[in-house]
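Welcome! Take a look at the sequence and the 3D view, then read on.

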Amino acid sequence: MRTGSITRTTAETDIKVSVNLDGSGVYDVNTGIGFLDHMIEQFSRHSLIDVTLFVKGDLHVDEHHTVEDSAIALGQAIGQALGDKKGIARYGSTYAPMDEALARVALDISGRPILVWKAAFSQPRLGTMDTEMFEHWFQSISQAAGITLHIECLYGTNNHHIIEGIYKGFARAMAQAIAIDPRKADAVPSTKGMLGG
């Protein structure tokens, strides 16, 4: 089993997260932000990565630190679980329809983190969560896990559908990328012999 566990404590957040890349999509998530919980649950369910994530954040200030740090800790746990990345498919891509919205996500677990984000929202919040924080969440998890991540909403009008399609697309692309290719289970998928670093 490829597992990772991170405890991250700062003056702004206290986080405990564990992941199992070879799980079945079981989750237990409480960030204090209902909509963010819902999205991370979608990620777990559709990637089949088991996720336990608890955050105590300074929500009396605003949601920024909780959103950012939850993504950092989750990304670090995924990176830890991937280890030397031997045998992984490395790449993943998918189209994710969510009713009238369509998201496209492509990623490379390259060790070279970058986010290309092409999505916009027509309202400032979903639940209590600022919609501008979604790009920041994906930027943070990309950096922490070492993922080259391209996200695009091709079309859509309902803000909930747009972001849910993006999270589900991210999940499905991750499921492809972390899968072990039995033909190369003992090799890092790079001509360099390593990913990142």
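**Charged pairs and a helix**

Asp-130 and Arg-125 join their side chains in a salt bridge, with N and O 3.2 Å apart. Keep in mind that this is a predicted model.

- Asp-130 is partly exposed, at a relative accessible area of 27%.
- Arg-125 is partly exposed too, with a value of 47%.

*A link between strand 1 and helix 2*
- Arg-8 forms a salt bridge with Asp-69, and their closest N and O atoms are 3.2 Å apart.
- Because Arg-8 sits in strand 1 (residues 3-9) and Asp-69 in helix 2, this pair ties together parts that are 61 residues apart in sequence.
- Asp-69 is buried, with a relative accessible area of 3%.

*Helix 2 itself*
- Helix 2 covers residues 64-82, and its 19 residues reach 27 Å from first C-alpha to last, close to the 27 Å expected.
- Most of helix 2 is covered, as 14 of its 19 residues are buried.
- Gly-83 follows helix 2 and has a positive phi, near 55°.

*A pair within helix 4*
- Glu-164 forms a salt bridge with Lys-168, where the closest N and O atoms are 3.0 Å apart.
- Both residues lie in helix 4 (residues 159-178), four residues apart, or about one turn of the helix.
- An α-helix has 3.6 residues a turn, so residues three or four places apart point the same way.
- Glu-164 is buried at 6% relative accessible area, and Lys-168 is buried at 18%.

Definitions and conventions. Residues numbered from 1 in each chain as written. Predicted model: local features only at pLDDT ≥ 70, side-chain atom pairs only at ≥ 80, totals over all residues. Heavy atoms only, no water. Helix = DSSP H or I, 4+ residues; strand = E, 2+ residues; numbered from the N terminus. Expected span 1.5 Å × (residues − 1). Buried < 20%, exposed > 50% of the residue type's maximum accessible area, 1.4 Å probe, protein only. Salt bridge = Lys/Arg side-chain N within 4 Å of Asp/Glu carboxyl O.
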